Amino acid sequence: MALRTSLSPSFPPMANTTTTATSGNARKSPRVYMASTLPKVEKAKKPYSPPRVVELQVTHSMPLEKIEIFKSLEDWAQNNVLIHLKPVEKCWQPQDFLPDSASDGFYDEVKELREHAKEIPDDYFVCLVGDMITEEALPTYQTMLNTLDGVRDETGASPTSWAVWTRAWTAEENRHGDLLNKYLYLSGRVDMKQIEKTIQYLIGSGMDPRTENNPYLGFIYTSFQERATFISHGNTARHAKERGDLKLAQICGIIAADEKRHETAYTKIVEKLFEIDPDGTVLAFADMMRKKISMPAHLMYDGRDDNLFEHFSAVAQRLGVYTAKDYSDILEFLVGRWKVGEITGLSGEASKAQDYVCTLASRIRRLEERAQGRAKKASTRPFSWIYDREVLL
Ligand SMILES: [Fe+2]
Ligand SMILES: [Fe+2]
């Protein structure tokens with residue numbers, strides 16, 4: 001699984017870590033104080049620091065003139081992207097899959113839900129909780145989309161197609177965390193307070209997808225991620241079904257179906273970029289893959305485990321919920337989806353980028369096979385989300 005290493009591993013983090021832009025952007029000028037006016041607050045501890053701090057960040061890497069491409073695609077986006085949204089009245093809501101607390105049958109339905117949940121092992125719950133926490137950090141993902149130059153929602157209620165998409169996408173996604181959160185609360189299997197703390201920490205830390213305010217990078221990232229979440233929710237659905245919990249399978253499956261629809265929309269945007277600007281798009285694709293696609297919840301922390309995300313990922317890998325093979329499969333899928341191998345007339349650099357992305361999946365697979373060949377020591381780990389019960393990694 002793609003993990004980034006440029007994070008401050010310490011907790012609490014070093015104070016004063018700020019971003020460093022590498023593309024000639026304005027930086028904060030250092031404040032200069034006269035000795036007699038030095039404010040006392042400078043000596044005080046920072047009142048709050050996020051648990052995870054990203055050290056190096058690049059901003060605004062897309063040349064300004066390319067913003068025009070996205071402005072000119074307004075009508076195209078309306079006719080080709082917004083059609084993948086569902087009207088609210090036709091959307092499922094979390095309540096459709098949960099016991100109705102206003103009905104007389106509520107207690108019986110909850111009892112039945114809990115009976116089924118008893119049959120499901122702890123490692124499955126670790127995966128489901130990790131998926132739910134990932135969904136619940138939705139404010140971060142809407143923020144991420146609104147960092148992208150040329151497509152951001154400038155007002156919070158902007159009528160541009162890009163902004164309409166971002167808000168409606170967020171509104172659809174919001175149902176995912178709601179549904180999983182309520183299910184897990186009712187299941188009686190997990191430590192909700194620890195989970196809620198993890199969500200608060202994660203939203204406070206944000207994420208670092210390394211998309212550099214650049215919508216080329218941003219939409220490649222979201223194409224990849226929507227497919228990754230489609231796969232992972234699809235797998236938790238399959239596992240629940242295998243264990244006879246059809247309700248839970250339905251919950252995970254219905255979320256996976258949304259992710260698939262979102263994947264269709266984002267991959268269509270990138271397909272269009274390949275058509276308009278093949279050089280720029282293949283370079284962006286290679287850039288994103290060289291940096292590796294980080295998972296949205298890679299800054300996860302529960303107040304206890306400094307390597308929580310790695311541990312959660314290891315369980316997901318072992319159970320086959322989301323694996324290193326899925327990573328290379330997604331890459332291969334996207335190369336095929338965008339017909340990257342068939343593009344002709346690229347510049348020298350872009351043609352090298354084309355070779356790189358077209359051969360990368362098989363290289364990753366070879367490395368993966370070699371890594372799997374090495375004997376791995378079995379170890380377990382307590383997860384606070386399940387009251388510190390130990391789970392095999
Ligand atoms: Fe989602
Ligand atoms: Fe999604």
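Which residues are the protein donors of the iron ion (ligand 2)? I put this to a predicted model, and I found Glu173, Glu226 and Glu259, each giving an OE atom, at 2.0 to 2.1 Å from the iron ion (ligand 2).

I next looked up how these donor residues are spaced along the sequence, and I noted the pattern E-x52-E-x32-E.

Are glutamate 226 and glutamate 259 buried or exposed? With buried taken as under 20% relative accessible area, glutamate 226 counts as buried because its value is 5%, and glutamate 259 counts as buried because its value is 1%.

A separate entry concerns arginine 189, which I located in the loop between α6 (161-187) and α7 (192-205). Arginine 189 is also buried, its relative accessible area being 14%. A polar atom of the arginine 189 side chain lies 2.6 Å from the backbone oxygen of alanine 117. Leaving aside residues up to four places away in sequence, I listed what arginine 189 touches: Ala117, Lys118, Ile120, Pro121, Asp122 and Phe125, together with Ile386, Tyr387 and Arg389.

How values were computed: Residues numbered from 1 in each chain as written. Chains lettered and ligands numbered in written order. Predicted model: local features only at pLDDT ≥ 70, side-chain atom pairs only at ≥ 80, totals over all residues. Heavy atoms only, no water. Donors = N, O, S within 2.8 Å, 3.2 Å for Na, K, Ca; no water. Buried < 20%, exposed > 50% of the residue type's maximum accessible area, 1.4 Å probe, protein only. Helix = DSSP H or I, 4+ residues; strand = E, 2+ residues; numbered from the N terminus. Polar contact = N/O pair within 3.5 Å; in protein donor to acceptor, adjacent residues only side chain to side chain. Contact = heavy atoms within 4.5 Å.
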